[in-house]
Amino acid sequence: PEDLSPKVLGDLQALGVNRLSIGIQSFNQSNLEFINRCHSGEEALRSVQNAQKAGFDNISIDLIYGIHTSSQSVFEEDVEKALSLNVQHLSAYCLTIEEKTFFGRKHQQGALPDVDDEKAIHQFKYLVSALQANGFEHYEISNFAKEGYRSRHNTSYWQDKIYLGVGPGAHSYDGESRQYNVTSNNAYVRALEKGEIPFEKEVLSRKDRINEYLMTSLRTVWGTDLRLLRERFGYELDRAEGKPLQGYLEQGLLAQQDEVIRLTEEGKLFADQIASDFFVG
């Protein structure tokens, strides 16, 4: 948000950029300081408003829930401010504590407790309800869109389509392998000056592709297609030994229509666990 000056926005428009995804995370100053963000709550609001004044009418913003400093009322204020901006898309992610990060080190030192799961669940449920009541489609666990504004790029990930990433740190996928460019701006530019694209490549195995499809498709509104698994990969999830598909259906965490399985509202809270239980070992 702090980078979106009127000049930058004008330059982006001139280049033909027609969609912005802005990492707001929170409009609350205490939250922003806790997660070590450079921008202020006022800058967060102004970045979206300036983008709209510059003519952008396809804007996505990111929010984080489960932040230690964020009470239910503070999170509800974040959501209300997001809605007041009339953006077309919103992504929301639960705060995670990962190793080898600032939060990870604080957690290991005992200076930062685990994320409060109960609080995160309450905030997530409120978010889903509020956004759906305001015309957003909950089309992927972390993503909400007004009609016609689903993220085309991320949808390619979830539907196993090929995609090309351009620039430092960008990922590309050709259906069989994935490659990712170096993240250093300087190293990337130096390589380009030599006529090279600096990247690493990973060829995906059948197991990798099955598990990635399970992990991503199950999170979406269109669900996991058992027929596709069978025809593309020769994997019969509904007949796989030791896979708890029927149990999750009986528990009401999954629903099945024809040969497509989808998470129920309650099941969305257990998406990662359910997907991992279906993985090929």
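Predicted model: local features only at pLDDT ≥ 70, side-chain atom pairs only at ≥ 80, totals over all residues.
Arg 46 is partly exposed, with a relative accessible area of 38%. The side chain of Arg 46 meets that of Glu 42 in a salt bridge, at 3.6 Å from N to O. Both residues belong to helix H3, which spans residues 41-53, and they sit four residues apart, about one turn of the helix. Residues three or four places apart in an α-helix point the same way, because such a helix has 3.6 residues a turn. Glu 42, for its part, is partly exposed at 47% relative accessibility.

The structure holds 14 salt bridges, and I turn now to a pair of another kind. Glu 140 and Arg 219 meet through their side chains in a salt bridge of 2.7 Å, N to O. This pair links distant parts of the chain, 79 residues apart: Glu 140 is in strand S4 (residues 137-140), and Arg 219 is in the loop between H9 and S9. Is Glu 140 buried or exposed? With a relative accessibility of 3%, Glu 140 counts as buried, since the cut-off for that class is under 20%.

Arg 219 also forms a salt bridge with Asp 272, where the closest N and O atoms are 3.6 Å apart. Here too, distant parts of the chain are linked: Asp 272 lies in helix H12 (residues 271-278), 53 residues from Arg 219. Asp 272 is exposed, at a relative accessible area of 56%. Elsewhere, salt bridges that share partners join Asp 160, Glu 176, Arg 209 and Arg 232 into one network.

Arg 232 lies in helix H10, residues 226-233, and is partly exposed, with a relative accessible area of 41%. Beyond its neighbours within four places in sequence, Arg 232 is in contact with Asp 160 and Arg 209. With Asp 160, the side chain of Arg 232 makes a polar contact, side chain to side chain, at 2.7 Å.

Which residues of H10 are buried? They are Leu 226, Leu 229 and Phe 233. Seen down the axis of H10, these buried residues fall within an arc of 80 degrees, so they line one face of the helix. They pack against helix H9 (206-217) and against strands S9 (224-225), S10 (254-257) and S11 (260-263).

Finally, the two ends of H10. At its start, a side-chain oxygen of Asp 225 reaches to within 2.8 Å of the backbone nitrogen of Arg 227. Just after the helix, Gly 234 takes a positive phi of about 70 degrees.

Key:
Residues numbered from 1 in each chain as written. Heavy atoms only, no water. Buried < 20%, exposed > 50% of the residue type's maximum accessible area, 1.4 Å probe, protein only. Contact = heavy atoms within 4.5 Å. Polar contact = N/O pair within 3.5 Å; in protein donor to acceptor, adjacent residues only side chain to side chain. Arc of directions from axis to C-beta. Salt bridge = Lys/Arg side-chain N within 4 Å of Asp/Glu carboxyl O.
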